[in-house]
2 protein chains.
Amino acid sequence: MASQVLESTLIPTRVAGVTLRRLPEVHDSRGLLSICELTRSVPFEVRRYFVVTATADACRGTHAHHKLHQFLCCIHGQCHAIADDGKTREEFVLDSPSLGLYLPPMTWGTQHRFSPGAVLLVLASDVFEETDYICEYDEFLTLARRPR
Amino acid sequence: MASQVLESTLIPTRVAGVTLRRLPEVHDSRGLLSICELTRSVPFEVRRYFVVTATADACRGTHAHHKLHQFLCCIHGQCHAIADDGKTREEFVLDSPSLGLYLPPMTWGTQHRFSPGAVLLVLASDVFEETDYICEYDEFLTLARRPR
């Protein structure tokens, strides 16, 4: 049985609170295993996940959350993910089940440029709550730039 | 914003403790969303997940666990999953991100017949622990058939 090196690598970004995680992998003749120990690699308690099977021209996200934490991982194909804290915006290519993007609350997130058949796994810190969404960018900017 | 009907459907099987879950879906022009609220649809606390990108001829699993609970979901392509409690064996086709298979401890599990590029998401109740594996089928049968 293969032993597992379970350390994930934290990769900082220029966007406030946003981080990338390179997850450990185990390769063998049967394929590739990407492993995520939640308490090591995901900085919140996961209460929900959803799987997005996107159309190639889809533009998803384009909102922020007041309280929700999310962890995005493109587990088939690839997509681009933009994270924006109201001051700084950065775009990432999510192209591996071993690469996760953590979006804290009050981050404007957009996912686009999905490759054909791309599948995005999103871990979330809570169940769906419509009032947690900020869907207008101007409102997001006002809130994000408020002194805390 | 689409409202979400979040009830999942429990589908019993003939194998002790093993169940299928049909997860709720939201369809729109941007694609398909399969949603899993963990406390509603996964009967254990998730501490780890792994993503298997399998070769087409792979045969994975072929072991049981003393204590580990698992929830399998083929989120791209499809595979066949066999569950065996030591008395009854059943084979399932996992062909949708909205169909999950729960395997309780002391279930012999095998996954095979992966379609090209298939991706299997496995939620697990604990971190990797080599001593939790039962890798010999005869040993599994002896343990499974012991009065509890």
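What volume does the largest cavity have? It has a volume of about 40 Å³, where a cavity is a set of points on a 1 Å grid over the protein atoms alone at which a 1.4 Å probe fits but cannot get out, and where the volume is the space filled by probe spheres set on the points, joined across faces, edges and corners.

Before you select anything, note that this is a predicted model, in which local features need pLDDT of at least 70 and side-chain atom pairs count only at pLDDT 80 or more, while totals for chains, interfaces and linings use all residues. Residues are numbered from 1 along each chain as its sequence is written, chains are lettered from A in the order in which they are written, and side-chain values use heavy atoms, with hydrogens and water left out.

**The cavity**

Select A:Leu38, A:Val46, A:Tyr49 and A:Leu123 together with B:Leu38, B:Val46, B:Tyr49 and B:Leu123, which line the largest cavity, each lining residue having an atom within 4 Å of a point. By class this lining has eight nonpolar, no polar and no charged residues, with Leu, Val and Tyr among those that count as nonpolar.

**The aromatic rings**

Rings of Phe, Tyr and Trp (its six-membered ring) pair if their centres lie within 6.5 Å, and planes under 30 degrees apart count as stacked, over 60 as edge-to-face and the rest as tilted. Over all chains the count comes to ten aromatic pairs, and among them A:Tyr137 and A:Phe140 form a tilted one, 5.8 Å centre to centre with 40° between the planes.

**A loop in chain B**

Finish at B:Asp126, in the loop between strand E12 (119–124) and strand E13 (133–134) of chain B, where this residue is partly exposed with a relative accessible area of 31%. Leaving aside residues up to four places away in sequence, B:Asp126 touches B:Arg47, B:Arg48 and B:Leu68, contact meaning heavy atoms within 4.5 Å.

Conventions. 1 Å grid on protein atoms, 1.4 Å probe; cavity = no way out; pocket = protein on both sides within 12 Å on 5 of 7 lines; lining within 4 Å. Helix = DSSP H or I, 4+ residues; strand = E, 2+ residues; numbered from the N terminus. Buried < 20%, exposed > 50% of the residue type's maximum accessible area, 1.4 Å probe, protein only.
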